Amino acid sequence: MTDKRRWWLAVVAALMAAIFTYQSIGELGAIVLFVGSLAAFGGYRAYRSRNPGAAPAVRCLTCGETLASTARQCKYCGSAKWTVN
Ligand SMILES: [Zn+2]
């Protein structure tokens, strides 16, 4: 699934959830929930961007070996030239 499609699914799901909560708990509750979900989403994004497992792969420019995203130089050939792809 592409990122764009996931984005649209999230928008539609959020809209449906917003309408449903607005009808069931009223305006103030909907606002509180909306702000809370925004904060949770922002926190999730921040967590993912800091999580090394979610980072894109890093490749050595000299030998082409895949490196850890936190690596400062290639552990196979010792080259400090690498690229993010
Ligand atoms: Zn290398």
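What percentage of the 85 residues of the protein count as buried? The answer is 4%, where buried means that 20 or more other C-beta atoms, placed from the backbone, lie within 10 Å of a residue's own. This is a predicted model, in which local features need pLDDT of at least 70, side-chain atom pairs count only at pLDDT 80 or more, and totals for chains, interfaces and linings use all residues. Residues are numbered from 1 along each chain as its sequence is written.

**View 1. The elements of the protein run α-β-β-β from the N terminus.** Here you will find one helix and three strands; these are DSSP runs, numbered from the N terminus, with helices being H or I of at least four residues and strands E of at least two. Among contacts with a separation of 6 or more, 14% join residues 24 or more positions apart, a contact being two C-beta atoms, placed from the backbone, within 7 Å.

**View 2. Helix α1 has a kink of about 130°, centred on Gly26.** The bend at a residue is the angle between axes fitted to the seven residues ending there and the seven starting there. The end C-alpha atoms of this 48-residue helix are only 19 Å apart, whereas a straight helix would reach 70 Å, taking 1.5 Å times one less than its number of residues. The count of buried residues in α1 is zero.

**View 3. Ala18 touches Ala30 and Phe34, leaving aside residues up to four places away in sequence.** Ala18 lies in α1, residues 3–50. The C-alpha atoms of Ala18 and Ala30 are 7.0 Å apart, though the two are 12 residues apart in sequence. Why is Ala18 classed as partly exposed? Because Ala18 has 14 other C-beta atoms within 10 Å, between the limits for buried and for exposed (12 or fewer).

**View 4. Confidence is highest in α1, at a mean of 86, and lowest in strand β3 (residues 82–84), at 72.** The protein averages a pLDDT of 82, the predictor's confidence in each residue, from 0 to 100.
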